[in-house]
Amino acid sequence: MIYFTALALLYVFALQKQNNKCWKIHYKAHYALLALLLIGIAGFRYGLEADYWAYHAIFMAPAGSALVERYEPGFMFLVNFYKRVFSPVDYNGFVFCFALLSVGLKILYFARMKNSIIALYVYFTLLFIALEMNGIRQGIAISVLYLAFERAKSRQLLPFLLLVALATTLHASSLLFLPMYVIANKTLSIRTIVLLAIASVITKFFIVPLILKLLGKIDIPLLHLYVLSVKSHLLYGDSGRVFTVGFFRRLVILGIFVCLIGKWRFCNPYSTVFF
């Protein structure tokens, strides 16, 4: 029920106008209310969603165990920091603090957009449950990558690389964000987007097997964790050779996006929020 309440509030507040000074005050109050609600949903969720018990096992595992060694050093640093400063057994407190950090960073980032509630609405409907309640490592890594995106837009290479490196210590897939520095300030044509989609399909079926063979020959201790993570995603995730439903779904969504984005930009006053 709380999900529908949050969605309804986001929808109602997103429809409001900002035509006068009085409403601007209300707008900030609404944004603050929504921010607290989202942090509360992600932070107070005892036993809810797929990753709760999975990360509970990681939190309770002793230092140096095989389970702990499988995860990125940045994420394990946050786990160990909480256990040392607050409590080694209070997992629910860790979940709340992690949500406060991950969701809070996104909320601060969205607050600087032209229509922050619209941004919050899109984030909630598309990403919130998937990232903050089922993939918390990915979620906090993306919070850092939002900051990296700003550095890419302003052509600050060193801060961009440092932020991507930080995000990579939270989730190995963040390395894929590196090309963003090249394309951050470019407007991609529909033709370019279609060509990139075709290239991704070719990569999936023909390049991925070559990458797996190459990764099998890498034996560097410092990179061992990231090699295992990449191999796992390539073999068992949507990136594998099997034509999965998830991969097909992404292609369909991309096709719809390509067909509608021109019309949406033309008629929607909020299109500049994201483009």
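The lining of the largest cavity divides into six nonpolar residues, one polar residue and two charged residues. The model shown here is predicted. Helix 6 gives the most to that lining. Helix 6 also packs against helix 8, and the axes of helix 6 and helix 7 come within 10 Å. A further contact joins helix 3 and helix 5.

**The cavity**

- A search of the whole structure finds one cavity of 30 Å³ or more.
- About 60 Å³ of space lies within the largest cavity.
- Its lining is made up of A42, R45, F94, V95, F98, A99, S102, E132 and I136.
- Helix 6 covers residues 91-110 and supplies five residues to the lining.

**Helix 6 with helix 7**

- Helix 7 spans residues 116-132, and its axis crosses that of helix 6 at roughly 155°.
- This angle makes the two helices roughly antiparallel, because angles over 145 degrees count that way.
- Where helix 6 passes helix 7, the crossing is right-handed.
- On the helix 6 side, the contact uses S102, V103, K106, I107 and F110.
- On the helix 7 side, S116, A119, L120, Y123, F128 and E132 take part.
- By type, the residues of this contact are seven nonpolar, two polar and two charged.
- S102 and E132 take part in this contact and also line the largest cavity.

**Helix 6 with helix 8**

- Helix 8 runs over residues 136-153.
- Its axis lies 9 Å from that of helix 6, and the packing angle is about 30°.
- Helix 6 is therefore roughly parallel to helix 8, because angles under 35 degrees count as roughly parallel.
- The crossing of these two helices is left-handed.
- Helix 6 contributes F98, L101, S102, L105, K106, Y109 and F110 to the contact.
- Helix 8 contributes I136, G139, I140, I142, S143, Y146, F149 and E150.
- Ten nonpolar, three polar and two charged residues form this contact.
- F98, S102 and I136 belong to this contact and are also among the residues lining the largest cavity.
- S102, K106 and F110 of helix 6 meet helix 8, and these residues also meet helix 7.

**Helix 3 with helix 5**

- Helix 3 covers residues 51-60, and helix 5 covers residues 73-85.
- Their axes come within 10 Å and cross at roughly 65°.
- The two helices are therefore roughly perpendicular to each other.
- Their crossing is right-handed.
- Y55, I58 and F59 of helix 3 meet F75, M76, V79, Y82 and K83 of helix 5.
- This contact holds seven nonpolar residues, no polar residues and one charged residue.

Note on methods:
Residues are numbered from 1 along each chain as its sequence is written. This is a predicted model: local features need pLDDT of at least 70, side-chain atom pairs count only at pLDDT 80 or more; totals for chains, interfaces and linings use all residues. Side-chain values use heavy atoms; hydrogens and water are left out. On a 1 Å grid over the protein atoms alone, a cavity is a set of points where a 1.4 Å probe fits but cannot get out, and a pocket is an open set with protein on both sides within 12 Å along at least five of seven lines; lining residues have an atom within 4 Å of a point. Grid points are joined across faces, edges and corners, and a volume is the space filled by probe spheres set on the points. Helices (H or I, at least four residues) and strands (E, at least two) are DSSP runs, numbered from the N terminus. Ala, Val, Leu, Ile, Met, Phe, Trp, Tyr, Cys and Pro count as nonpolar, Asp, Glu, Lys and Arg as charged, and the others, Gly among them, as polar. Axes are lines fitted to C-alpha atoms, for helices over the stretch in contact, and angles run from 0 to 180 degrees between N-to-C directions. Angles under 35 degrees count as roughly parallel, over 145 as roughly antiparallel, 65 to 115 as roughly perpendicular and the rest as oblique. A crossing is left-handed if the near helix is turned anticlockwise from the far one by less than a right angle, and right-handed if clockwise. Contact means heavy atoms within 4.5 Å.
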